[in-house]
Amino acid sequence: MHSYVTAILSAAWTFPFVAVLITLPYLLFQYRRYGAVMLLRTVILYSFILYMMCAYFLTMLPLPSRELVATLTTPYLQLTPFQDFIVWIRDSGFVLSDTSTWRRLVVNRDLFVILANIVMTIPLGIYLRYYFGFSLPKTVLISLGVSLVFELTQLSALFGIYPRPYRLCETDDLITNTLGGLIGYWVAGPLMRILPSRKRIDEIAYRRGTHVSVTRRITAAVTDWLLLGLVQLLLLFTVKPLQNMLFASTFTGLLATLGGLYIALVLVYFIVFEWLQKGLTIGKRLTHIRLVDIRDGSRPKLWQCAVRYSLFYFGFLPLPLIALLLFVNALESDTVQWFLLALCAVLMLVYLACVIIVILGVLNRSSQLPHGALSKTRNVSTIVALVPDEASCEELISMDSLPSVPISSIQHKPV
């Protein structure tokens, strides 16, 4: 029992790191496909990943030392079907006519292992039927395939890491795991009458995708800046003058190099490139967002891109760093520079006011943020979801009053 708990806890500790790695690709896929990220879908998919990690860890952990495995002489392959059941009945001393032996048949470690192998794949069958929409034959085949992967991994001595297999690869595990997937398929039936179906979740996602959420814009911006970060690293390690400035002994030289690259990337990518691409960046393309002129919905003008991104990237974002530099310079000399301290305080107050305005703008979806209002631009969705009824987004968002709209009536297409 202790080994089972250890494996599950190990999966729980590892899952946050896996979640961090997959979050951006997951967001990009959801915004690219639907234009929105549904909370229920996210819970289902992330819980499925956590479950698969637990199942995998249960079949592999605890990991012994290589020295211990090298001394093992126990068998590692059992191909006789139903051998575990035979051992269970035999070792329990069960006699049908002797009621005193019935308890030993139930309170038995061999039975616990058999039931544990069945229970382990019941969630797999539920996921496969409810969310992935697989039929009974497909669910059985996939359950068998997953179990086969686990068993072959054990037989391979964890892909050759160990000198020989340290766990028993047996046919009965394939039987019990497949049975668990089959039971999960049957259990999913009643659940599907309670939970919203995959089609209903897709309908809501397409409708929500017509609105550009804050998370969607952040995902596009993070994608763009990851690409720009790679470009910046490439320039720093290929352009000799930049290397000389970067590895200069003075802090000012380093700050000037990084600041100059930052300014150049913003000017070239977010102003000129986005204007040439008619309001699109790579991140915006992947998340189905386009920057438009709010007056007529046309492509933004060059001056509009310049005003929008200058206010944001040269005004709002650098304010805390500028205030910090002023604070450090004010205190590094023998006498306190009160003017710099006062200027630092003013900048922080301005920044605080900007943060409050941004928060209020985010909470009130209809209001424009300052850089968008001054540049007369807005991010719009390039996903169109045409639904034949007049249900509002608020009604669609509520899981308790989902409209009965067939998925075939929703047209999903980029503008």
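User: How many salt bridges does the structure hold?

Analyst: The structure holds six salt bridges. A salt bridge is a side-chain nitrogen of Lys or Arg within 4 Å of a carboxyl oxygen of Asp or Glu. This is a predicted model, in which local features need pLDDT of at least 70 and side-chain atom pairs count only at pLDDT 80 or more, while totals for chains, interfaces and linings use all residues. Residues are numbered from 1 along each chain as its sequence is written, and side-chain values use heavy atoms, with hydrogens and water left out.

User: Which residue does lysine 284 meet in a salt bridge?

Analyst: Lysine 284 pairs with glutamate 274, at 3.4 Å from N to O. The pair links distant parts of the chain, 10 residues apart: lysine 284 is in helix 15 (residues 282-286) and glutamate 274 is in helix 14 (residues 251-276). Helices (H or I, at least four residues) and strands (E, at least two) are DSSP runs, numbered from the N terminus.

User: Is glutamate 274 buried or exposed?

Analyst: Glutamate 274 is buried, with a relative accessible area of 0%. Lysine 284 also counts as buried, at 8% relative accessibility. Buried means under 20% relative accessible area, exposed over 50%, and partly exposed in between (1.4 Å probe, protein chains only).

User: And what about arginine 198 and aspartate 202, what do their side chains form?

Analyst: They meet in a salt bridge of 3.7 Å, N to O. Arginine 198 and aspartate 202 are four residues apart in helix 11 (residues 198-208), so about one helical turn separates them. Arginine 198 is partly exposed at 28% relative accessibility, whereas aspartate 202 is buried at 11%.

User: Which residues do salt bridges with shared partners join into one network?

Analyst: That network consists of Arg41, Arg198 and Asp202.

User: How exposed are arginine 90 and aspartate 91?

Analyst: Arginine 90 is exposed, with a relative accessible area of 54%, and aspartate 91 is partly exposed, with 48%. Their side chains form a salt bridge of 3.1 Å, N to O.

User: Changing topic: at what angle do helix 1 and helix 12 pack?

Analyst: Helix 1 (residues 2-33) and helix 12 (residues 214-238) pack at about 120°, with their axes 10 Å apart. Axes are lines fitted to C-alpha atoms, for helices over the stretch in contact, and angles run from 0 to 180 degrees between N-to-C directions. The two helices, helix 1 and helix 12, are therefore oblique to each other. Angles under 35 degrees count as roughly parallel, over 145 as roughly antiparallel, 65 to 115 as roughly perpendicular and the rest as oblique.

User: Which residues meet there, in helix 1 and helix 12?

Analyst: From helix 1, Leu24, Leu27, Leu28 and Tyr31 meet Thr215, Arg216, Thr219, Val222, Thr223 and Leu226 of helix 12. Contact means heavy atoms within 4.5 Å. The residues of this contact divide into six nonpolar, three polar and one charged. Ala, Val, Leu, Ile, Met, Phe, Trp, Tyr, Cys and Pro count as nonpolar, Asp, Glu, Lys and Arg as charged, and the others, Gly among them, as polar.

User: At roughly what angle do the axes of helix 2 and helix 7 cross?

Analyst: The axes of helix 2 (residues 39-60) and helix 7 (residues 122-130) cross at roughly 145° and come within 11 Å. Residues making the contact include Phe48 and Tyr51 of helix 2 and Pro123 and Tyr127 of helix 7. The residues of this contact divide into nine nonpolar, one polar and no charged.
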